[in-house]
Amino acid sequence: MDKVQNNKAWFLVLPVLVLVAFSAVIPLMTVVNYSVQDTFGNNVFFWEGLGWFQEVLTSPQVHSAFGRQLMFSGIILAIQIPLGIAIALCMPKRGFWASVCLVLMALPLLIPWNVVGTIWQILGRADIGLIGYTLDILNINWNYSRNPVHAWIIVVTMDVWHWTSLVALLAYAGLQSIPQAYYQAAKIDQASRWKVFRYIELPKMQGVLLIAILLRFMDSFMIYTEPFVVTGGGPGTATSFLSIDLVKMALGQFDLGPAAAFSIMYFLVILLVSWVFYTVMTNLDKAEGR
Amino acid sequence: MAQITLDNLAHSYLPNPKGEEDFALKQLDHVWGDGEAYALLGASGCGKSTLLNIISGLLVPSRGRILFGDQDVTQQDTVARNIAQVFQFPVVYDTMTVGENLAFPLRNRRMDPGYIAARVQKIAAMIGMEDSLKRKARGLTADAKQKISLGRGMVREDVNAILFDEPLTVIDPHMKWELRTQLKALHNEFGHTMIYVTHDQTEALTFADKVVVMHDGRVVQLGTPEELFDTPEHTFVGYFIGSPGMNLIEAEVKGNVAHCAGHAIPLGGNYKALKGRVQIGIRPEFVTLASGDEGIPVTIKRIEDVGRHQILRAEFAGKPVNAILPEGMAVPADANRLKFMPERVNVYADDWRVTPLHSVATPAREAV
């Protein structure tokens, strides 16, 4: 039978191409486009080359935002990962209370970002908020809109409240997949509780913890809504993280060029760090297997 | 090391068991000798894992007591009972090396490092892993991991008993044989009480001094492999052990004759009148071809040549009857009768063996 050559079949791919173009390629290309051009208005653009990239890379403002961002992600990872594991270890393994715990744990994850921000914005206020008011009664001079340390405390606490559940649920899933025989064997081997954790639970949770760290790193590195609602990036620039700075630059000052260059580098940093994380952790795994 | 006594033991997984059918493990009264190798044999779900978990202390029985020696250990946990257990699927500590895995139970008990090193070497030699002591356990094959589990189970010398819960499930057939032989050698050397759970009769019969056959939550027979073969106490033992299993035929027994579907079959002893469902059981090894008007008429279905012998599959009164014939023996085309060795016929009433009133001495078993 002769094969019929008909390249019209390629048209069947068209819907996907259109969808992907609109959802990803075109918006991204606009950003790329802006990042290498300048304009003085009237929709007239000039070629700017890598100028904006140089400007962003040497900007002290971006540097300090980057530093704050790293510090924020570092702090919340250092709190949420151990805390999440600890919570997962304490959760009941089965039965009615296990379900109750799961639902309660999932609740913060279901609340919209800006609502979380609003909740904590109000909670922290000294005049009407539960936390702020209590601290005020305890004679602690609490004011997160003036004191940078207080602002950090409330933003970090909020993020811990919002996202530790995710780590806990992932760790819990990892723990649940450990066969009972491991615990029985450890008991027979007279392993201490710490050794059970160190040699059974932690290695078996490695996979889900890798995912938890990646997710929490990416999310926290891109955090915008919650600190924006609670502190607006202040006091001063104390809680201005990268995306808050970026929005200020792009929409506040309408510096499309630098903002576009900034976005691209922001994106690449997240991609790079995630890739490094993933490669290092999976390679560790392989190296140990040898 | 200690003798294990199961005193009035029974277990149900239900909080308020009512009838006997609610018990996963029906009443048991046994004394298991110190330093012997036992195999718990039975089909899946017969209660053998329940019994093992009760002995190891992972499960507290609903009724009865367990004694190690004179000491009541019913409420004690596994550690207090000083028992080692090897599970069906390999349990290894992934992030440790093979050597660290083997040393783990000893280190946790704060043994002398010199002793630990020597002991690990010895066990490693036994499981054939001396070369990979420094390797991480992660990434080893399933049978290598299971060998580590076996090694960890045997690394302690002072245990009261070592329990094996179908430990060779994941092991290659040729390794199975080798490991079983090593286990046996180890048993001879150290004299630990060993309890080995399996559903594989070959494994049970080659490993154990005594085989405990379980069926439907009950120990139906505890005996040496020879006893299980010659005088199965329950029809289950008859057909579960042996390949093919025992032939069971519905019968009416009067004195020393059984009447099956109108044919008389001579028995090796006299029996009193029996009630309930009466069956006679004969192993295929003791069934021979007959001619003339000897034996019972059968329809021969087929003959399977399995190498060392032939299996003759026949039908008597619509029910299968098997016979084992010597290798190379020609079966005449008109063969249509089978004969049972009278002294090898057992009589069962409601599945339990009935002992004859005055039995004819059983002749020594020929090699089968």
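## Exercises on a predicted model

In chain B, strand 3 (residues 37–41) and strand 8 (residues 193–198) run parallel and are joined by 5 bridges. Keep in mind that this model is predicted. Let's work through it together.

**Exercise 1.** Find the bridge partner of Tyr38(B) in strand 8 of chain B.

*Solution.* Go to strand 8 of chain B and look for Ile195(B): this is the residue that Tyr38(B) is bridged to.

**Exercise 2.** Work out which strands of chain B stand at the edges of the open sheet.

*Solution.* Start with the strand order, which is 6-7-8-3-9-10 in this open sheet of 6 strands, with mixed pairing. Strand 6 (83–86) and strand 10 (218–223) each have a single partner strand, so they stand at the edges and one side of each has no neighbour in the sheet. As you step from one strand to the next, the twist averages 15°.

**Exercise 3.** Decide whether helix 7 and helix 9 of chain A are roughly parallel or antiparallel.

*Solution.* First, take the axes of helix 7 (residues 148–176) and helix 9 (residues 193–221) of chain A: they come within 8 Å and cross at roughly 150°. Next, angles over 145 degrees count as roughly antiparallel, so helix 7 of chain A is roughly antiparallel to helix 9 of chain A. The crossing of these two helices is right-handed. Their contact includes Trp163(A) and Leu166(A) from helix 7 and Met205(A) and Arg216(A) from helix 9. By class, that contact has 13 nonpolar, 3 polar and 5 charged residues.

**Exercise 4.** Describe residues 196–218 of chain A, which an unreviewed UniProt entry lists under "transmembrane region".

*Solution.* The span is 100% helix and 0% strand, and its end C-alpha atoms lie 31 Å apart.

Key. Residues numbered from 1 in each chain as written. Chains lettered and ligands numbered in written order. Predicted model: local features only at pLDDT ≥ 70, side-chain atom pairs only at ≥ 80, totals over all residues. Axes fitted to C-alpha atoms, helices over the stretch in contact; angles between N-to-C directions. Helix = DSSP H or I, 4+ residues; strand = E, 2+ residues; numbered from the N terminus. Parallel < 35°, antiparallel > 145°, perpendicular 65-115°, else oblique. Left-handed = near helix turned anticlockwise from the far one by under 90°. Contact = placed C-beta atoms within 7 Å. Nonpolar A, V, L, I, M, F, W, Y, C, P; charged D, E, K, R; others polar. UniProt positions renumbered as here; feature names shortened; annotations may be inferred. Pairing = 2+ DSSP bridges.
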